[in-house]
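Visitor: I am new to this one, and I would like to learn how to read it. Could you walk me through a few features?

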Amino acid sequence: MCGIAGVLHFDGREACPERLRAMIAVMHHRGPDAAGILVDHGTGLAHARLSILDPANGRQPMQSTNGALTITFNGEIFNFIELRAELEARGHCLKTRSDTEVILHAYEEYGEKCVEHFNGQWALAIWDKQRKQLFLSRDRLGIRPLFYTQVNGQFLFASEIKSLFVLPEVRRELDSHGLSQLFTFWSTIAPTTVFRDIRELPPGRNLVIRRDQFQERTYWQLDYTPADGSIPCQAWAEKLRALLIDATQLRLRADVPVGAYLSGGLDSSITVALAQKKLNDRLRTFSVSFEDRQFDESDYQKLVVDFLNVEHHAMHCDHESIAEIFPEVVWHTEKPMLRTAPAPLFMLSELVHAAEFKVVLTGEGADEILGGYDIFKEAKVRRFYADCPNSTLRAALIQKLYPYLPSIQMQSAAMRQAFFRARPEDLTSPFFSHLPRWEMTGQLRRFFSQDFLSHHGQERLYEEIE
């Protein structure tokens, strides 16, 4: 996982090694294998390392051969082997097998556009001594975190906000707009966080700081151009299969053992099947079962384990264990939590750690791509509502869709219609599928003071993420 931190002074002060050590020490959990700092006058970089590739030679912060570039990097560049060969063909001489060194040489070759050549997840900072600039970048979908702030003539950044709070001049104050976002969307929208003056670099963005000048650039964003309708479904299916195979195989590149989470859902089951096919040995899988049968998927996990013959490890999660671990989960998430779902995941990561695994494939986000959630079926029913808003039969479809949710089964048809209604103006909203949930969680804002509510309206929140 790794943790990064750093400082850039605008007022000529020297970077303080002890302050950098304190910033990185609070993130020891991200990188227990090694810690390092490097100071170049007013600039300082720090790193907490989790060794995945080239454990012996990949220590950070890492410098280029001539000392002109220094990097601190969290993540993994999955296509580093192919990119290394490309750079060597262009005359670069690489001394290690780490992807970190590949990033440095890619920056030497392509400058700030180097990230366009990366297939991976990253949060990185490169101090360019010759240009006197600090270059920061975050991966396309924002998988790796990167926070920053400015205070007292200095720019500070880190993988976690608590690393910034180590320094006494960084104020610990809540941001009303960030909280308003959180209690509507379940999350803040970068660059906003729940803390005042603490910003998050948005996904797919680079940030260049030269002296006290900031230049932020979007290097990638999702393309929503409609697909070519003439391409048959089978061709799309074959392309998806090829991409899934390639993505899984790239993520198996490591100098340490790789395991996988197995939830029993579409996402992890497909990932586990593809990984098991690639590996020569049996894949080690990890899962969690629940005391509450409403959430337990252990029966589906067993089907996959038996079919694929993987070496499986499971843990049981009950209400008491979730309550016990929850304060620690909040400490790591660094924001208020509206659900307890991260607690079982945290416990599962402890199981993986106990088995001495550093890397697991998770399949997070794949259910959205593969249409594995009932919310997509729900959206179709809600579109029917728009055609015939007074139909009780349409409300009954929701009851049929969620037979495992007692609260919906007990609701009257009128209550279901009120919650799942689809107003004409909703049909063109890019957030159509999530509007009922956002409006429901947005009700939590009723507990805010009137002064707090006067700062930002619900409509403005929706506009900000379009």
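Visitor: Is the crossing of α2 and α3 left-handed or right-handed?

Guide: A crossing is left-handed if the near helix is turned anticlockwise from the far one by less than a right angle, and right-handed if clockwise. The crossing of α2 and α3 is left-handed. Before going on, note that this is a predicted model, in which local features need pLDDT of at least 70 and side-chain atom pairs count only at pLDDT 80 or more, while totals for chains, interfaces and linings use all residues. Residues are numbered from 1 along each chain as its sequence is written, and side-chain values use heavy atoms, with hydrogens and water left out.

Visitor: At what angle do the axes of α2 and α3 cross?

Guide: Axes are lines fitted to C-alpha atoms, for helices over the stretch in contact, and angles run from 0 to 180 degrees between N-to-C directions. Helices (H or I, at least four residues) and strands (E, at least two) are DSSP runs, numbered from the N terminus. Here the axes of α2 (residues 80–89) and α3 (residues 99–110) cross at roughly 45° and come within 10 Å. That makes α2 oblique to α3; angles under 35 degrees count as roughly parallel, over 145 as roughly antiparallel, 65 to 115 as roughly perpendicular and the rest as oblique.

Visitor: Which residues of α2 and α3 make the contact?

Guide: Contact means heavy atoms within 4.5 Å. From α2 come F80, L83, R84, E86 and L87, and from α3 come D99, V102, H105, A106, E109 and Y110.

Visitor: How far apart are the axes of α12 and α13?

Guide: They are 9 Å apart, and α12 (residues 374–387) packs against α13 (residues 392–401) at an angle of about 170°. That makes α12 roughly antiparallel to α13.

Visitor: What lines the largest cavity?

Guide: Rolling a probe the size of a water molecule over the atoms shows where empty space is left. On a 1 Å grid over the protein atoms alone, a cavity is a set of points where a 1.4 Å probe fits but cannot get out; lining residues have an atom within 4 Å of a point. The lining consists of R382, F419, R421, R423, D426, L435, P436 and E439. Helix α16 (residues 435–442) gives the most, with three residues.

Visitor: Where is the cis peptide bond that has omega of about 0°?

Guide: It joins Q60 and P61, and P61 is found in the loop between β3 (43–49) and β4 (62–63). The bond from A190 to P191 is also cis, with omega near 15°.

Conventions
1 Å grid on protein atoms, 1.4 Å probe; cavity = no way out; pocket = protein on both sides within 12 Å on 5 of 7 lines; lining within 4 Å.
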